[in-house]
Amino acid sequence: MTTVKDDKTEKETIKREFYHLIIDGEKMKGSSGETIKTYNPATGELVAEVAKASKEDAEKAIAAARHSFDHGKWKMYPVGRRAQVLNKIAAIMRSRFNELVELEILDTGKSLHAAQGQVTQAIEDFEFYAGAIVGHRGTVNNVPGQFHNYTEKEPIGVCAQIIPWNYPLMMAAWKVAPAIAVGCSVIVKPASLTPLTAIVLGEICLEAGVPAGVVNVIPGSGSDIGNYLVEHSQVDKVAFTGSTPIGKDIMGKASESLKRVTLELGGKSPSIVFSDADIDAAVDGSLFGIFYNSGQSCEARSRLYVQEDIYDEFMSKFVEKTKRLQLGNPFDKGTHVGAIIDQTQLDTINGYVQSAIKDGAEILAGGHKCSPKGYEKGFWFEPTIITNVNHDMNVVKEEIFGPVVVVMKFKDEKEAIKLANDTTFGLGSAVWSKDGARATRVANQIKAGIVMVNCPFSAFPGTPFGGYKQSGFGRELCIETLDLYSETKSILSYYGSRPLNPLGL
């Protein structure tokens, strides 16, 4: 591990000391007067204070969203007009790109290249759905001669959208863009640890012409505000990204009123490297797969399986490059790995590593908390490689959510598939092989929502993102997402010349 110099890239300093709730088109302080303090994970320094929503504020937000949906004009706009507004949101975001990148880095401690890529995708999400909504339509269906049937796509209503702390702006965009494209009204609850860019996104939506009440943003406690939204009778749908245990809890609570639910949950994604793979490409892709975003990604490829006849060569290169990864100033263009979100998560990561050591595992790289020079008060963990593990160990079975990868050998294709599928999760996976037939065959047998073949990237706007098994259900980031925010209405008409009398009376 090395620490980069404090050579900063040019950036704007536009952050504010205080951020408001956004309810019914207005910026406001919370009714309780309480605030949330957000800290820079890289330095431990205070970034800003944020108004903390109470249940009273959540009630106001729900009422505003309900009124805007039931009596407002947004859902009645022609789709082309809504598309124009989404494109304007994207244009404003692009014009404020530096501010959004800076806020995301300060709020999360992630590296510059990670923040830039995520802000870029958030912008592209709005552009994608501006185009996709124009083609979102019902169907005309075959029915007997004198009947006519067609379907309409109608917005589902008021949607609660609960955003995780690891990708604050990008995950907000994944949810807000398709929902408002369809014509829904939303209440966004960003994570308390990282609320800043979601609040700015709400402000941008208003600036772009989204009517008051359609996009509301209320930072607050997940156990209080999140549960209040999930259980409220006037909320029609919940979209949640986060841990599997919380997802299960949300599903149970939402079932009381039969709310529609989309859950994008945890993962323990496998990456399989076959002996015929391009080893250098597989090494570089595996580095990105686990250490990007400091390993704080639901689809991080945290289980690495390498075919035994190339294991030594692969591991030599993988370990050497892991030790060269640079930690330090997140604004430095040369920084590869940013900070861990907070002390609690840092302790969780360290606990898993220490548990693995106790169980007999071997650490080939990293394995410790660390303090890059100048960032001693932040939360940092070395990029870590663990071997000599088995599937009974917690470090192999459970999601760690940090820069920690476990590596195992396999003999043949059959064993690789068995190992990859030996998990309760099913979000991401990767296959590295020059044999296209093998890669396709293996991809078809992996029980996961996403398979990356000779590729380190898991998604682009337009590609479905979601999981199997306990990684959740529903697909985001794609055209099909529009259906998750829609109801399908079937309209069946009779145009025959003779009146129908089916009972013969």
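How many residues in the lining of the largest cavity are nonpolar, how many polar and how many charged? There are six nonpolar, five polar and two charged ones.

Before going further, a word on the model: it is predicted, local features need pLDDT of at least 70, side-chain atom pairs count only at pLDDT 80 or more, and totals for chains, interfaces and linings use all residues. Residues are numbered from 1 along each chain as its sequence is written, and side-chain values use heavy atoms, with hydrogens and water left out.

**Cavities**

Rolling a probe the size of a water molecule over the atoms shows where empty space is left. Here a cavity is a set of points, on a 1 Å grid over the protein atoms alone, where a 1.4 Å probe fits but cannot get out, and lining residues have an atom within 4 Å of a point. A volume is the space filled by probe spheres set on the points, which are joined across faces, edges and corners. The structure holds four cavities of 30 Å³ or more.

| Cavity | Volume | Lining residues | Closest to the centre |
|---|---|---|---|
| Largest | about 60 Å³ | 13 residues | S297, A300, S302, E399 and F401 |

The lining of the second largest cavity splits into six nonpolar, five polar and four charged residues. For these classes, Ala, Val, Leu, Ile, Met, Phe, Trp, Tyr, Cys and Pro count as nonpolar, Asp, Glu, Lys and Arg as charged, and the others, Gly among them, as polar.

**Cores**

A nonpolar core is a set of buried Ala, Val, Leu, Ile, Met, Phe, Trp, Tyr and Cys residues joined through side-chain atoms within 4.5 Å; buried means under 20% relative accessible area with a 1.4 Å probe, protein chains only. The largest one has 104 residues, and I89, M93, F126, I180, F314 and F318 touch the most other members. Its largest share, twelve residues, comes from helix α5 (residues 168-182). Apart from this core lies another, of 31 residues, including F274 and V406.

**Strand β21**

V406 also turns up in β21, as the bridge partner of I386. Helices (H or I, at least four residues) and strands (E, at least two) are DSSP runs, numbered from the N terminus, and two strands pair if DSSP finds at least two bridges between them. Strand β20 (residues 384-387) runs parallel to β21, joined by three bridges. Strand β15 (residues 303-307) also pairs with β21 in the parallel sense, over five bridges, with V306 opposite K409. Six of the seven residues of β21 (residues 404-410) are buried.

Note on methods:
Buried < 20%, exposed > 50% of the residue type's maximum accessible area, 1.4 Å probe, protein only. 1 Å grid on protein atoms, 1.4 Å probe; cavity = no way out; pocket = protein on both sides within 12 Å on 5 of 7 lines; lining within 4 Å.
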